[in-house]
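Please look through the sequence and the model shown below before reading on. The paragraphs that follow begin at the surface and then turn to the aromatic side chains.

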Amino acid sequence: MSLIQILIPVPAAFPAVFISRFATNIGEMTDNCRFRTSLTFEVLLYVNSYYFGLFAVCEIGMNVVKYVNFTELHHFHIDFMVLMAVCIIEILRIALGRHGNVTENNWLIVTAILLTIPTVIGVLYLMILQSEVLRFEYIICSIQLGLCVTQIITGVLCLFPCCKVPEYY
């Protein structure tokens, strides 16, 4: 039994010639099955663009409700400024990341990855250090952090030449 037959389980009725027609060796098989990190990065940016809109609307709404209902908010203006800074940085980061990924410009992808750091710090502030934190804020901030971490990982993988799909001319 060859290594290809071990890696691709097929019924015994198919001869090995059928398999070898598609991949004569393991090198060709791995070239065809290469993980497209730029596509994953683009999908994550696309999902995050919609999720961040929901995140920003919910956070602004919760801050308005907290301002109206809680009388002893000591650092409300700082909390709101951090939220606005996170919104501006995140919008810029998503726009730069999507444009850099489409044009395959590595500097824009690096800039988008670096802009993720202040976003993560701001979301951690909103999640932990705010004067009043609601349970719903923990949930939406943790989802935002999960998206940011996976975007950092796939964005860094986009920069490695071993993860790029070869172009044939």
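Which residues make a nonpolar surface patch of about 510 Å²? The patch is made by Leu-39, Val-43, Tyr-46, Val-47 and Tyr-50, where a patch consists of residues with over 30% relative accessible area and no salt bridge, like charges being joined within 9 Å and nonpolar side chains (Val, Leu, Ile, Met, Phe, Trp, Tyr) within 5 Å. A salt bridge, in turn, is a side-chain nitrogen of Lys or Arg within 4 Å of a carboxyl oxygen of Asp or Glu, and accessible areas come from the Shrake-Rupley method with a 1.4 Å probe, only the protein chains shown counting as cover for residues.

This is a predicted model, in which local features need pLDDT of at least 70 and side-chain atom pairs count only at pLDDT 80 or more, whereas totals for chains, interfaces and linings use all residues. Residues are numbered from 1 along each chain as its sequence is written, and side-chain values use heavy atoms, with hydrogens and water left out. The protein averages a pLDDT (the predictor's confidence in each residue, from 0 to 100) of 80, and 73% of the residues score at least 70. Over residues 3-8 the pLDDT is below 50, although this stretch has 12 contacts (heavy atoms within 4.5 Å) in the model beyond near neighbours in sequence.

The protein has 7 helices and 0 strands, both being DSSP runs numbered from the N terminus (helices H or I, at least four residues; strands E, at least two). Of its 169 residues, 33% count as buried, that is, under 20% relative accessible area, with exposed meaning over 50% and partly exposed in between (1.4 Å probe, protein chains only).

Val-43, a member of the patch, has its place in helix H4 (residues 37-69) and is partly exposed, with a relative accessible area of 45%. Tyr-46 and Tyr-50 both lie in helix H4 as well, 4 residues apart, about one turn of the helix; Tyr-46 counts as partly exposed at 42% relative accessibility, while Tyr-50 counts as exposed at 56%.

The whole structure holds 5 aromatic pairs, meaning rings of Phe, Tyr and Trp (its six-membered ring) whose centres lie within 6.5 Å, with planes under 30 degrees apart called stacked, over 60 edge-to-face and the rest tilted. Among them, Tyr-46 and Tyr-50 form an edge-to-face pair, 5.2 Å centre to centre with 75° between the planes. Phe-52 and Phe-55 form a tilted pair, at 5.8 Å and 35°; both are buried, and together with Tyr-51 they form one aromatic cluster.
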